[in-house]
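This report describes the architecture of a single protein chain.

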Amino acid sequence: MHAITFFKNLADQTRLTILLLISVEQELCVCELCSALELSQPKISRHLALLKAANILTSRRQGQWIYYSLNSSLPTWCITTLQSCNKENPQLITKVITQLNCMGDRPQRQQQCCNT
């Protein structure tokens, strides 16, 4: 992972928020991200595609859902950067964590947003 590629992706507020949220939650689907960030599916999907193209995120399909997680081959310094950012700047994702928690646990979340 080139530092420039990683930090360019972090420079966008939406992508930074997605990465911070996924680093806390481990794995999220598009509908969970849309609900948490209060953004449209096309906008979230575009950002996820950029993060996948940069090899920062990976995805897995389960039925009709695609779940995104941090790439397990990310260098330790990338993971540490995200963890440090979350620890030192909790206000960056406080609102989105609250939004996500309002959806309940994963089975409830899927009923709320993934089955539409």
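## The sheet

In this predicted model, strand 1 and strand 3 (residues 65–70) are joined by two bridges and pair in the antiparallel sense. Within this part of the chain, leucine 28 lies opposite tyrosine 68 of strand 3.

The open sheet consists of three strands in the order 1-3-2, with antiparallel pairing. Strands of a sheet pair through backbone hydrogen bonds, in either a parallel or an antiparallel manner.

Helix 4 lies across strand 2 and strand 3. The helix runs at about 115° to strand 2.

## Overall organisation

The protein chain contains seven helices and three strands. Along the sequence, these elements follow the pattern α-α-β-α-α-β-β-α-α-α.

Of the 116 residues in the protein chain, 44% count as buried. Considering contacts between residues at least 6 apart in sequence, 65% join residues at least 24 apart.

Helix 1 (residues 3–10) has Phe6, Asn9 and Leu10 as its buried residues. Viewed down the helix axis, the buried residues of helix 1 fall within an arc of 105°, so they line one face of the helix. An α-helix has 3.6 residues a turn, so residues three or four places apart point the same way.

The exposed residues Ile4 and Lys8 are carried on the face of helix 1 that is turned away from its buried side. The buried residues, by contrast, pack against helix 2 (13–25), helix 4 (41–53) and helix 5 (76–88).

## Packing of helix 1 on helix 5

Two packed helices are described by the angle between their axes and the distance between the axes. For helix 1 and helix 5, the packing angle is about 25° and the axes are 11 Å apart. Angles under 35 degrees count as roughly parallel, and helix 1 and helix 5 are therefore roughly parallel to each other. The crossing of helix 1 past helix 5 is right-handed.

Residues from both helices make up this contact: Ala3, Phe6, Phe7 and Leu10 of helix 1 meet Trp77, Cys78, Thr81 and Leu82 of helix 5. Phe6 and Leu10 are also among the buried residues of helix 1.

Methods
Residues numbered from 1 in each chain as written. Predicted model: local features only at pLDDT ≥ 70, side-chain atom pairs only at ≥ 80, totals over all residues. Heavy atoms only, no water. Buried < 20%, exposed > 50% of the residue type's maximum accessible area, 1.4 Å probe, protein only. Helix = DSSP H or I, 4+ residues; strand = E, 2+ residues; numbered from the N terminus. Arc of directions from axis to C-beta. Contact = heavy atoms within 4.5 Å. Pairing = 2+ DSSP bridges. Axes fitted to C-alpha atoms, helices over the stretch in contact; angles between N-to-C directions. Parallel < 35°, antiparallel > 145°, perpendicular 65-115°, else oblique. Left-handed = near helix turned anticlockwise from the far one by under 90°.
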